[in-house]
Amino acid sequence: MGLLLAGCQTNSRDQALATTESQVALRAIQTRAFDTTEKETTLRTVIATLQDLGFVIDKADNVLGSVSGTKLDGYSMRMTVTVRPRGQTQTLVRANAQYNITPVEDPLPYQQFFAALEKSMFLTAQQVD
């Protein structure tokens, strides 16, 4: 007597591609390139931007090019931002946020962070305080 299995079977290749596509889309939301090679200045601007958005800086590492901050506003949100060179003329900034321990996939917190960072980067480039 044979055993009949019925149910939903998803193609693992299709599932992997969907996961990869969603990761690429998330990375696009989390990453911006800036026309500067000033890593230290960019890190200082990231720190100031996070503080302006209500984050308390937990860790900053100039060598690794990373900054982590926590925002407590009825919930716990942690954001880690990395800064690294991209080619000869740009710096890549990537933000990664978590609510408690759940990765944030909603674009809004990233959009808010990058809008504030872009403004700060512009003002820093113009040497306006």
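**Briefing: helix packing, hairpins and a salt bridge**

Helix 2 (residues 39-52) packs against helix 3 (residues 107-125) at an angle of about 130°, and their axes lie 9 Å apart. This is a predicted model: local features need pLDDT of at least 70, side-chain atom pairs count only at pLDDT 80 or more, and totals for chains, interfaces and linings use all residues. Residues are numbered from 1 along each chain as its sequence is written, and side-chain values use heavy atoms, leaving out hydrogens and water. Helices (H or I, at least four residues) and strands (E, at least two) are DSSP runs, numbered from the N terminus.

**Helix 2 and helix 3**

- Axes are lines fitted to C-alpha atoms, for helices over the stretch in contact, with angles from 0 to 180 degrees between N-to-C directions.
- Helix 2 and helix 3 are therefore oblique to each other (under 35 degrees is roughly parallel, over 145 roughly antiparallel, 65 to 115 roughly perpendicular, the rest oblique).
- On the helix 2 side, T41, T42, T45, V46, T49 and L50 make the contact (heavy atoms within 4.5 Å).
- Their partners in helix 3 are F113, A116, L117, S120, M121 and T124.
- By class, this contact has six nonpolar, six polar and no charged residues (nonpolar: Ala, Val, Leu, Ile, Met, Phe, Trp, Tyr, Cys and Pro; charged: Asp, Glu, Lys and Arg; polar: the others, Gly among them).

- Strand 3 (residues 66-72) and strand 4 (residues 76-86) run antiparallel, joined by seven bridges; two strands pair if DSSP finds at least two bridges between them.
- S68 stands opposite T80 in strand 4.
- Three residues lie between the strands in the hairpin of strand 3 and strand 4, where G74 takes a positive phi near 85°.
- Strand 4 is also joined to strand 5 (residues 90-99), antiparallel, by 10 bridges.
- V83 has V93 in strand 5 as its bridge partner.
- The hairpin of strand 4 and strand 5 has three residues between the strands, and G87 takes a positive phi near 70°.

**Salt bridges**

- The structure holds two salt bridges (a side-chain nitrogen of Lys or Arg within 4 Å of a carboxyl oxygen of Asp or Glu).
- One of them joins the side chains of R32 and E118, at 3.7 Å from N to O.
- R32 lies in strand 1 (residues 31-34) and E118 in helix 3, so this pair ties together parts 86 residues apart in sequence.
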